[in-house]
Amino acid sequence: MTWETVIGLEIHAQLATRSKIFSAASTDFGAAPNTQASAVDLGLPGVLPVVNREVVRMAVRFALATDASITRRSVFARKNYFYPDLPKGYQISQMAFPIVGEGHINITLPDGQQKGIGLTRAHLEEDAGKSVHDLFEGMTGIDLNRAGTPLLEIVSEPDMRSATEAVAYARYMHSLVRYIDICDGNMQEGSFRCDANVSVRPAGSDTLGTRTEIKNLNSFRFLERAIDFEVERQIDILEDGGKVIQETRLYDADRDETRSMRSKEEANDYRYFPDPDLPPLVIDEAFIDAVRETMPELPVARRTRFIDELDIPAADAQALCADRQIADYFEAVFEGRKFAPKLAANWVLGELFARLNKEDVDLADAPVSATLLGDLIARVDDGTLSGKLGKQVFDALWGGEQDVDAVIEARGLKQITDTGAIEAMIDEVIAANPSQLAEYRAGKEKLLSFFVGAVMKASKGKANPAQLNQMLRDKLKA
Amino acid sequence: MHDKTLAEQAALLASGDLSSSDLVEHYLQRIEQHNEALNAYLAIDADAARQAASAADEQRKTGNAGPLTGVPIAHKDIFCTSSMPTTCGSRMLQNFVSPYEAAVVQNMRTAGMVTLGKANMDEFAMGSSNENSFYGPVANPWQTDRVPGGSSGGSAAIVAARLASAATGTDTGGSIRQPAAFCGITGIKPTYGRVSRYGMIAFASSLDQGGPMAQTAEDCALLLQAMAGHDLRDSTCSPAAVPDFSAELNADLKGLRIGVPQEYFAEGLDDGVAARVNEALAVLEGEGAILKPISLPNQGLCIPAYYIIAPAEASSNLSRFDGVRFGHRCENPQDIDDLYTRSRGEGFGPEVKRRILIGAYALSAGYYDAYYKKAQQVRQLVSDDFSNAFAEVDVIAGPTTPTTAFARGAKSDDPVAMYLNDLFTVSANLSGLPALSAPCGFAEGLPVGLQLCAPANQESRLLNVAHRYQSVTDWHRQIPANFA
């Protein structure tokens, strides 16, 4: 039998606010334990939550970016369960009335195909603290710095049909939340976490199979591997005549497998009810309009503009728009310049990216600013530099040089375009290699490159290659 | 000087005929003398009180004083204080000292009031007799074998026995008004949201409201002035403007329409209580008010709805008392479940446990719609009853409680009988409306309370009616013989 895989993802994106969702404590990562937990975060007797307006603004940004409905009157609810790192004994979340309703996005799969994915909802909630099990002999430590950190839980429809699609969707979301400045996307620090709901069914069936929920997927690679493992596991069970149990499973990266965490029967009854400490969250049109004003151009629109208006090839446009910082950098490189944006794209995706990757540097920390790169490309475009010399200048800029023309001057990298000078060098080379000249003229045209190389060498690499080529051909013919 | 009302004391302080230090010293002596018989105070900070009093006297000299500067007050032990323990009447919070101060405590201190100590109460404000305090029951100053009411029983006994000029209370289903009635004092539950709940340990968040308890409506007006106001730390606190509560105290009652719900004068209402309340209504009629019989048809649903909603919220609110970060922790926990089970099992008393169980049940999957959701629908019906009634009348009046103070132990084995004591009070909480209880005489030597209820944010009207009533009666002047 052929099986069809059905996947839906729940993504927890930590909202990049400075303070927590219901208190004024800082959300900075990595502080000493319990130094960023206020009376509210500790759940002390008598404290009350107050919604951080910035969190609401970010949720609305998300809704606007995903073509989603915005709930004008959403309701915070309490999810009740006991856990030592859950200070109040309940998590404030949203249940029946989430702030973001149904939405829709289009993702690009690795083969270039577009696919639409439905979003069920996105709701606001607070994160719990952390239990630290390995620091104290026989005891567990509690760090409540993370307690109350704002999360947006983004729930997709079960629209993905393979691990590849799930990863493409997760990558899209990862890019989008950074694009609209609501999440730093740091997966190591847990700012962007995925849970996958996975089921399989006979191909052609329109009823869903029993699903399992896989937790602890803190990289795209783990997401892909965990889904692949889980799909295999479920198919094996079904083909052996067994039944998949609805349960929560944990992905173990070391063993590359999923294992049961708790079954549906063991699941908590969370006793959800509207939080009486928080009135319904009312959002008016003026608030939404004000947020809309501050929205950046979204990746899809930007990519289309790059292709249609800037004549950038589709694959390059996709690569440039994957990250807002890259796209912004790219646009800054050619802004106000005479050269074609395409040339800027080549340099950004070529030389710059190669260097960033090689040296493992983030774009934000790159020593070559967009303005400097623009100066450099302008000198290539106006013929002062050949492409090859340009790369030498780029190296100098990467090393800390701050003035393109000064580098060209100081290192004598200026391209030789004086026909007299080039002609003299050609004549010298031809004169020194009479046998090669004879062979060439006898029809061994491959030797052209020998002559080009020799003249280029004589010019110390500075001869304009196009000029050199043309003049050399003419001379060799004669 | 303890026979003076708070307003009278304030006037003497303002004129310089009385010093805060003398007043505070006087109360400290009375507390020393009488508290043992009542068990009304759980904690007293005499040194801090003396210091605050002398600071208040200094402030008087600079001419910077407000009407309440230097007036002594007791705070219900549900309000967090950073200088004294806050136990909420529970073993769970024995010796717990809050690192921060409740908004109400701050507000009263800002107004210059001197804190004498913390008042006993039913554990986590759950009770109508103050028998549920881990620190022992409070006696009713009128007859010490009687209960003072609850949950603000300590506060009521303190004011009735003149062991402070005033006290703060909280009211979730009648916890200010019922003990005020039982102890013969005046207490007002303001409109929900009028007073910040920040730092007031939550019982049922959508019903809880802090308010003043004192001898007279005039005193309550002064106290509420200092207590009320918007607080950004409480999202349910109302941004509505706070009026001058004393401005209309003396307004004429002529033509005031007072609705008298027929449902209140039915089976279960004690004859003596009915008689006193009817006499009080006649007095108001004599002042020019017009009495109109009205109906609150869903009155009978209030108690069942209340005893779903309040426990449901409590079951969640009390989850933070888990032995992990503060409060009682059991000895040698074996694992996390043992820590929870024994810490909570030992820390909470039987009534609190009962309500947590009821509440958790009402919220659980499969029962939510039948209980919690249904109770919320009833709550709306109760609010609608009041809206309809207030289309025809300005104030609603009736008994605060069906009976006078009952004997200690009389109902402690019968929770339902105990809950029925809240019969007339819970509707104001369910609908968020302001309501006041004022003393209106005695039945067999025990005080009877007259309850007044008004539309939202119309505390001034309640205080006006009660003040006019107190201008022509002297029930509020009566002091229990043993505490004269």
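Predicted model: local features only at pLDDT ≥ 70, side-chain atom pairs only at ≥ 80, totals over all residues.
The contact draws 26 residues from chain A and 34 residues from chain B. On the side of chain A that touches chain B, helix H1 (39-42) and strand E3 (76-80) of chain A each contribute at least two residues. Sorted by class, that side of chain A holds 17 nonpolar residues, along with four polar and five charged ones.

Strand E3 of chain A also belongs to an open sheet of three strands, in the order E4-E3-E14, with antiparallel pairing. Strand E4 (90-94) and strand E14 (273-274) of chain A lie at the edges and have a single partner strand each, so one side of each has no neighbour in the sheet. The antiparallel pairing of E3(A) with E4(A) runs over five bridges. Within this pairing, A:Ala77 has A:Ser93 in E4(A) as its bridge partner.

Next comes a helix pair in chain A. Helix H15 (residues 448-458) of chain A packs with helix H16 (residues 465-477) of chain A at an angle of about 120°, and their axes are 10 Å apart. Angles from 65 to 115 degrees count as roughly perpendicular and those over 145 as roughly antiparallel; H15(A) and H16(A) are therefore oblique to each other. Their crossing is right-handed. From H15(A), A:Phe451, A:Val452, A:Val455 and A:Met456 meet A:Leu468, A:Asn469, A:Leu472 and A:Leu476 of H16(A). By class, this contact of H15(A) with H16(A) comprises seven nonpolar residues and one polar residue, with no charged residues.

Terms used. Residues numbered from 1 in each chain as written. Chains lettered and ligands numbered in written order. Contact = placed C-beta atoms within 7 Å. Helix = DSSP H or I, 4+ residues; strand = E, 2+ residues; numbered from the N terminus. Nonpolar A, V, L, I, M, F, W, Y, C, P; charged D, E, K, R; others polar. Pairing = 2+ DSSP bridges. Axes fitted to C-alpha atoms, helices over the stretch in contact; angles between N-to-C directions. Parallel < 35°, antiparallel > 145°, perpendicular 65-115°, else oblique. Left-handed = near helix turned anticlockwise from the far one by under 90°.
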